[in-house]
Every structure is written in structure tokens, then in C-alpha cells.
Amino acid sequence: MQHPNPNPSSVPIPVTVLTGFLGAGKTTLLNRILTTAHGHRIAVIENEFGPVNIDSELLVQQSAEVVEMTNGCLCCTVRGDLAKNLGDLKARRDTGELAFDRIVIETTGLADPGPVIQTFFAEAELAETYLLDAVLTVVDAVHAPRQIDEHPVLLKQIGFADRLLVSKSEGVAADALDALLERLARINPRAPIRQLVAGELDVGFLLDIRGFNLNENLLPADEPTKPRFHPASKTGSVFGGTAHSDEIGSLLLEHPGEVDLDRIGAYVQTLLDRYGDDLLRYKGVLAIPDQASRLVFQGVHRLAGFDYGKEWNDDARGSRIVLIGRRLPEDELRAGFAECAIAA
Ligand SMILES: Nc1nc2c(ncn2[C@@H]2O[C@H](COP(=O)(O)OP(=O)(O)OP(=O)(O)O)[C@@H](O)[C@H]2O)c(=O)[nH]1
């Protein structure tokens, strides 16, 4: 029988970034992932803010190689160390010293996930070796409503997420929980939300998400637009003085038809040039005249990728962009997008 993977080092290793504010329940979730029988061999990179890495002592270590990073926050001072650690892990895997098929990075509760994510796209060698799979953000149902107001970094953690995982919901009244879930969906409509229930873990919901791949998945399939862009505004935006106008929110640009390739290219370029610092995640699925396939682009801040993806075949051709960012100028962005549209 032929070996399915004769050259394992040529296959990118998936990486999951596990984030969430201080005490949200990241380590608790990681322990559950590590102790669940799912067949994945996981190496863990732990980052603790401060000289002693307490989290790694709390981790159950069976089945996981744990690399500790201390004395700095992963998103700033030790980012170079992250690249080095990832390189070292790969080298030790290649020599057979370590056996793992994916990595989970647990960031500190104070980390902005942006620079961590960018590391995977900015460093050419890492981009070849690793595949950034997804950002998982744990949100503490008890404390998040206040923390979101007081700590801008939590808003970023929510905005960057591919999955939002709500912990401690058993201790929260139903209406307060509903309000939190609605607020999360408004800040980040891209990320499906799930409550973490003791003893239950759906590993399929957490791993192999391919959140950074150029596929046609724009919004969660179960509820494409509802209630994620509603009722904050009929236009599908969370900006502009609504009751919950958080600093970070989302904007859905939609045209039920094709867009001009040159104009949309210039539009996206201008968007990134002007607002790249404030754009956390964005993704677009566009219909281009005479193109059988969807044009897909996605990115983080100014690092964007695009490609032609799945064919339209009999699907209705339409163009949609989801932007998640900080105080984006809705009117300007809508007007610019409208200029790219081709009348049906
Ligand atoms: N009731 C309840 N407690 C939880 C839940 N998840 C985590 N906890 C508790 O919350 C506390 C913090 O959990 P951790 O997993 O250490 O949180 P963390 O995000 O890793 O914390 P830091 O590393 O300090 O940022 C612990 O006492 C956990 O037992 C949950 O879903 N329900």
C-alpha cells in the first residue's frame, strides 16, 4: 500500500491561535482539546505575560509538546521568538524528535492577535511550513460585557475570530446572555458562536476551519445574514451611533450582480491603503464579468490575498464583502463599492 504522505515536511502544518481575555477560559478549553480522543497530535505554544509561565503548569501535558514563551507578550516583544519557536518545532519534527501534526498557540489574555496572525504571512519560511487555520476566541459570559467596554484588546480578539466560544454561560441570566450573543454577532458576523458546555467538545467546530483560505465562505452557513446584521441597522452596519456601537464592528457591502474588475481592484487597494490599520479581517466574494469562477479575496490589515475560487455554475451571481474593523467610514465605503457595481 502506498503511504498517503511520502514527504510529510512538504505538507503545511495547521496552526490554531487560541485567544481571549484574562481568565476567559483559554487554558480550560485547551486542556479539553488535549484530553479529548480525536486522533490529532498537538504541540502547544504557551505564552504567559511575566517571568513565570503558570499556564503551562496548569496544562495537562499528555499528548502535547509544550513550548513556553515568557517575559513578554506574544503580540509585541516576543514575536520574533514566536517565529523562532515555530522554526525549532518544525526542525525537531523533521528529525523525528517530535511527532505532532498541528499546533495550538495560546496567547496571553492581553495579546492583540493581529501581529501573531501577520507573522504567518509576513515570514516567507513560516508561510510555507505552516497553515494558519483559525483564530478561536473564548469570551467570558460573566465578565465580557464590562471587559468589552473597558479593554479595547478584547474587541480586537473578538473581531479577529473565526470562532467565538462563550464560557461560563451557565452563570448568566438568559436575557443577559442573549444580549451578549447579539453583541458578539454584531461585532463579528463572520464567526459562528457556540457556548462551551462542561463535558462537551465538538472538535470539528474548532479545528480544520481554514479561516484564512480563499474559499467562498463569507458568513456562517446556518444564518447567512440574520441576526448578524440586524437590527443594528437596516443597511447591515454596526457603525453610526446605535445603542451598541462598539469601536469595532462590521460592514456588509452587497450588490446582487457583477462588479467591474479594474474598479473593484482600485477600490480594495484604496481601502487597504487608507484603512488597513483599522481593518482587522475582511473577505470578499465577487462576480466578475466573463469569469466562470468567484473572485475571492481575504486579509488581515494590509496583508491580503485573492484568487479565483469555486465556479458559479447555476448559482445567482452576486458580489459581497464583509469588513470587520475599527470605526470604518460607512458612507464612503458604501459609495465607493456602489461605483464598482455593474447594473444588471
Ligand atoms: N463556571 C465556569 N468556569 C469556567 C469555565 N471555563 C473556565 N472556567 C474557570 O475560569 C477560570 C479561568 O480559566 P482559565 O482556563 O485558566 O482561563 P485563561 O483564559 O486561560 O486565563 P489566563 O491564562 O489567566 O488569561 C478557572 O477557574 C476555570 O476553572 C466555564 O465554562 N464555566
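In this predicted model, strands β10 (residues 293-300) and β11 (residues 303-311) run antiparallel and are joined by seven bridges. Within this pair, V296 stands opposite D307 of β11. The two strands form a hairpin, with two residues between them.

A helix pair was examined next. Helix α10 spans residues 261-275, and helix α11 spans residues 330-340. Their axes lie 8 Å apart, and the packing angle is about 160 degrees. Angles over 145 degrees count as roughly antiparallel, so α10 is roughly antiparallel to α11. On the α10 side, the contact is made by R263, I264 and Y267. G336, F337, E339 and C340 make the contact on the α11 side. By class, this contact has four nonpolar residues, two charged residues and one polar residue.

At the level of domains, the assignment for the protein chain gives domain 1 as 8-206 and domain 2 as 248-340. Contacts between the domains involve 14 residues of domain 1 and 10 residues of domain 2. On the side of domain 1 that touches domain 2, α4 (113-122), α7 (152-159) and α8 (174-187) each supply at least two residues. Helix α4 gives the most to this side, with five residues. By class, the side of domain 1 that touches domain 2 has seven nonpolar, four polar and three charged residues.

Key
Residues are numbered from 1 along each chain as its sequence is written. This is a predicted model: local features need pLDDT of at least 70, side-chain atom pairs count only at pLDDT 80 or more; totals for chains, interfaces and linings use all residues. Axes are lines fitted to C-alpha atoms, for helices over the stretch in contact, and angles run from 0 to 180 degrees between N-to-C directions. Helices (H or I, at least four residues) and strands (E, at least two) are DSSP runs, numbered from the N terminus. Angles under 35 degrees count as roughly parallel, over 145 as roughly antiparallel, 65 to 115 as roughly perpendicular and the rest as oblique. Two residues are in contact if their C-beta atoms, placed from the backbone, lie within 7 Å. Ala, Val, Leu, Ile, Met, Phe, Trp, Tyr, Cys and Pro count as nonpolar, Asp, Glu, Lys and Arg as charged, and the others, Gly among them, as polar. Two strands pair if DSSP finds at least two bridges between them. Domain bounds come from an automatic or database domain assignment.
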